[in-house]
Each structure stands twice: as C-alpha cells, then as structure tokens.
Amino acid sequence: MSIYDQLQQKNAILAVVGLGYVGLPLAIAFAKKFKTIGFDISKRKVDGYRSGIDPTGEVGDAEIKRSSIAFTSEAAALQEASFIIIAVPTPVNGDKTPDLTPVTSASQLVGKNLLSGSIVVFESTVYPGVTEDICVPILEKESGLVCGKDFGVGYSPERINPGDKIHRLENIQKIVSGIDTESLQDIAAVYESIIEAGVYLAPSLKVAEAAKLVENAQRDINIAFMNELAMVFDRMEISTKDVFDAMATKWNALNFMPGLVGGHCIGVDPWYFVYKAENLGYHSQIIAAGRKINDSMGIFVADTIIKKMIQAGFNVCEAKIYLMGITFKEDCPDIRNSRSFDVLTRLREYHIQANFVDPAVNQAELKRLANIDVVALENVKDADCLVFLVGHKEFKALSSQNLEQMYKSGRKVLIDVKSIFDATQLKTAGYSYWSL
C-alpha cells in the first residue's frame, strides 16, 4: 500500500518541518486531509501556534485554532511520520554565498528520526544538486538507511506569495519531483490532495530545483531593469511612472515597476544561481548585475531623500523624517531581507534620524530581531518629510487632508517610492514631491 493510501486511511502521519511563511500554510492545508504534525525548533513559535496565534498573517488565528495539527518542538515526534516535508529558510551569507545551514541541520534532525519506508520532500529553495548531493547523504548517514531502497526523496519548490490573498497555496500549480518513479507518484498524489490547480511532474530533482531559481531570477532582472531606468529618468527629470504608463499601451509590455527588492525569495535566490554557476566556471553577467542594481536601491533612495531635503531648505540632521513601511512588501508583516533597513542605515551614516511607521509589521518581532520601535500611523505629526517605501493599503487610503495633518506648517517633502499618490495634486498643493 502506498504512503498516500496510508495517509488517506489515517494509518500514516504527515509532518512539516519548519513552520514559517511556507511551512505553516502547508501544514494547515494538509491537516484538513491527513493526520499532520507541525514541527519547528523554536519552542516560542510552537507555543504561539498552540495558543492560536499566527504571526505570519498567512492563515489567521482562527484557522490555527480550528486546525487539528499536532504542533511540537520535540524532534522525536517525527518518528511517527511517514511523509516529511522540510520547509526551512535558505538565506545567504554576508558575502552573498548560500547559507545551507538551516536545510542541512533540518536534514540531520530528520535523518535521526527517519523510519524505513518514509518519503522526505524538500521545499527549501536551493541550487540544482543540493537535494541529491548534500541533503540525501546527510539523511543516509544519520538514519543508516539507503535512499531509493529504504526511503524516498522528492523536491517541490514552494510557490507561496506572502501577503497575497489572490494567489494562494491551493490555486498555484505545484511542481513536484522524485528520486524515482515510485516516490514521484506518491509525492504527486499527496500534493494533489490540497492543490486545486494540480501538479506538474518535473523530470528530475535538479530540474525542479532550477525552476524555482529561474522564476525569481527572471523577476529580479525585470525589476532591476526598471530600477536602472528610474535612476536614469531621475537625471533626465522625467517621471518614471509617466513613461511606464505610456509604454503599457503596447500589448506586450511587461508590467514591472521599480522599487526596493527584498524578501526571502527574489532578494536571495538569484545569488544561489550565481554561486553555482561560478562553481562551474561561469561568471554570471545578467543575473549578478541585476542583483547588484536592486541591492543598491536603498542607498539611492536615501541619497535622494537627503538631496530633496536640502533643496527644500532643510537642515537634514534636525529634520523630522518618517519612513513609511519597513516590511519587504505591501500588506505583509515579513521583514526578512527588507531593503527599507538599507535606507535607514544610509541615513544614519550622515547622522540623520528617522522613525519607522508600519501598520502591517509584527511589532514584537521587529523589536526582538532589530530592536526598532515603530510609530503608530495616527501618531505621525510635525513631519518635515514622509518617505513612503512600501505600498501598504493603509498608506494608499490616506487622503490629502490626512497627509496635510501629518506635517508641520510650511515646507513639505514627500518621497513616494511606489508612486501611490497623485503627483500633480501634491505638487499643486505645494509639496516637494519625488517618486522613483
């Protein structure tokens, strides 16, 4: 009997290792179909889930409270599982090389508790070959079992888009792959049970691993192109938005916009490709260049703030500046790899102080990880400069009267990175307005 059949009949258990923005929604979805264990090494996080608290905002507190997931931080509980999904982060080091520590540590932990006949599926984003060449040997060493004989392995790249209420786990087609045909069939069946859009069977683990990198590298390059154009148009004193609006009248124009590119995928994954390519003797040109452009945008925005403040007649070091948005994207509490921090760091290099305002961020998490306090939106007042870095819905809902009440009387500088306001209206009202 296949593992899928055993799961259906409640004679087997599925486990998700790593309960973050990817793992938690997965565990919630699978728990509606199978007996499910949700494992994370963070006892603090597990205790929060047991209390029905969702810090990610991806599924909501009510959904967690309703779920039958057995949340645990005890690794021994994984010995009960026959189908184990590893969904831990894969960041980069300071030198932009892959940091595989989370995925190798998870492999060690799973290997120590792996039973014969099980299947292990990796969802963590890695460069082609990591699953077979690095993770499988760890699983074999720790378990004493042989892959392909005693247990199966698969790779299914995560496609969850944090903060997106339209493109959800269930309605995005899922890529699946397996070490052998038997594993692939089981893996496909298990994922098909929760993915309404269906699954795509990749011919190999490496193809599935590569597909994830290409998805994000392609988007990164397109945004980098727009960012480069925006920096040049700024020198030309042309509105980037006006140019893109005109360009968009052509049927095959690509709808990408400039901005700060951060997060756990687009801001990280291309470096995995660059690293692997260089190990094979090829120096990436386009992907590496795109990454460098996007990584530099925080500095460009900060320097523009200083420039516009000086042009408006302010002593910048004494001005009251609010940075509106600290998360890496709109309407999402995630601060991982947020380039908003780059803006603050650059300003501090010139001894310029600024306060963050963000209605979406998890304030306790921000304080714990970055020791930064945020100002509530309703408490923003006496501003000299407002810098809108992220397009949160609360920011988009601000009226001209709301904005007016946030400033001191007199000169007003507004930096609109995401072009969420009407430039003509604000300039007519006397604002010193700039958009990327």
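**Entry 1: the core**

I began with the largest nonpolar core, which has 38 residues in this predicted model. The residues with the most contacts inside this core are Leu14, Phe30, Phe83 and Tyr191. I then listed the elements that give two or more residues to the core: helices H1 (3-8), H2 (23-31), H3 (43-50) and H7 (181-192), together with strands S1 (13-17), S4 (83-86) and S5 (119-122). H2 gives the most, with seven residues. I noted the general point that nonpolar side chains tend to be buried together in soluble globular proteins.

I looked up what Tyr191 is in contact with, leaving aside neighbours within four places in sequence. The list is Leu26, Phe30, Ile85, Val121, Glu123, Ser156, Lys174, Val176 and Val199.

The largest cavity holds about 40 Å³ of space. I wrote down its lining as Glu123, Glu158, Arg159, Ile160, Leu169, Ile172 and Lys174.

I went to Glu74, which sits in the loop between strand S3 (70-72) and S4. Glu74 counts as exposed because its relative accessibility is 55%.

Not counting residues up to four places away in sequence, Asn227 touches Pro258, Gly259, Val261, Ile293, Asn294, Met297 and Leu436.

Next I took helix H10 (residues 269-279), where the buried residues are Asp269, Pro270, Trp271, Tyr272, Val274 and Ala277. H8 and helix H11 (286-295) are included in what covers them. Just after H10, I noted that Gly281 takes a positive phi of about 90 degrees.

**Entry 2: parallel strands**

Strand S9 (residues 321-324) runs parallel to strand S11 (residues 385-388), and four bridges join the two. In this pair, Tyr322 has Leu386 of S11 as its bridge partner. S11 also pairs with S12 in the parallel sense, over four bridges. There, Phe388 stands opposite Asp416 of S12. S12 (residues 413-416) is in turn joined by four bridges to S13 (residues 432-435), again running parallel. Asp416 has Ser435 as its bridge partner in S13.

Which way do the residues of S11 point? Cys385 and Val387 point one way, Leu386 and Phe388 the other, and all are buried. I set beside this the general rule that side chains in a regular strand alternate between the two faces of the sheet.

S12, helix H17 (residues 423-428) and S13 make a right-handed β-α-β unit. Ser419 is in the loop between S12 and H17. Its phi is near 55 degrees, which is positive in a residue other than glycine. I checked accessibility as well: Ser419 is buried, because its relative accessible area of 13% falls below the 20% cut-off.

In S13 I looked up Trp434. Its relative accessible area is 6%, so Trp434 is buried. Leu414 is 20 residues from Trp434 in sequence and 6.5 Å from it in space, C-alpha to C-alpha. Leaving out residues up to four places away, Trp434 touches Asp234, Phe300, Thr304, Lys308, Leu414, Ile415 and Asp416.

**Entry 3: another positive phi**

I ended with His351, in the loop between helix H13 (340-349) and strand S10 (355-357). His351 is not a glycine, yet has a positive phi of about 60 degrees. Is His351 buried or exposed? I found His351 exposed, with a relative accessible area of 62%.

How values were computed. Residues numbered from 1 in each chain as written. Predicted model: local features only at pLDDT ≥ 70, side-chain atom pairs only at ≥ 80, totals over all residues. Heavy atoms only, no water. Pairing = 2+ DSSP bridges. Right-handed = clockwise from strand over helix to strand, strands pointing away. Core = buried A, V, L, I, M, F, W, Y, C linked by side-chain atoms within 4.5 Å. Buried < 20%, exposed > 50% of the residue type's maximum accessible area, 1.4 Å probe, protein only. Contact = heavy atoms within 4.5 Å. 1 Å grid on protein atoms, 1.4 Å probe; cavity = no way out; pocket = protein on both sides within 12 Å on 5 of 7 lines; lining within 4 Å. Points joined across faces, edges and corners; volume = space filled by probe spheres on them.
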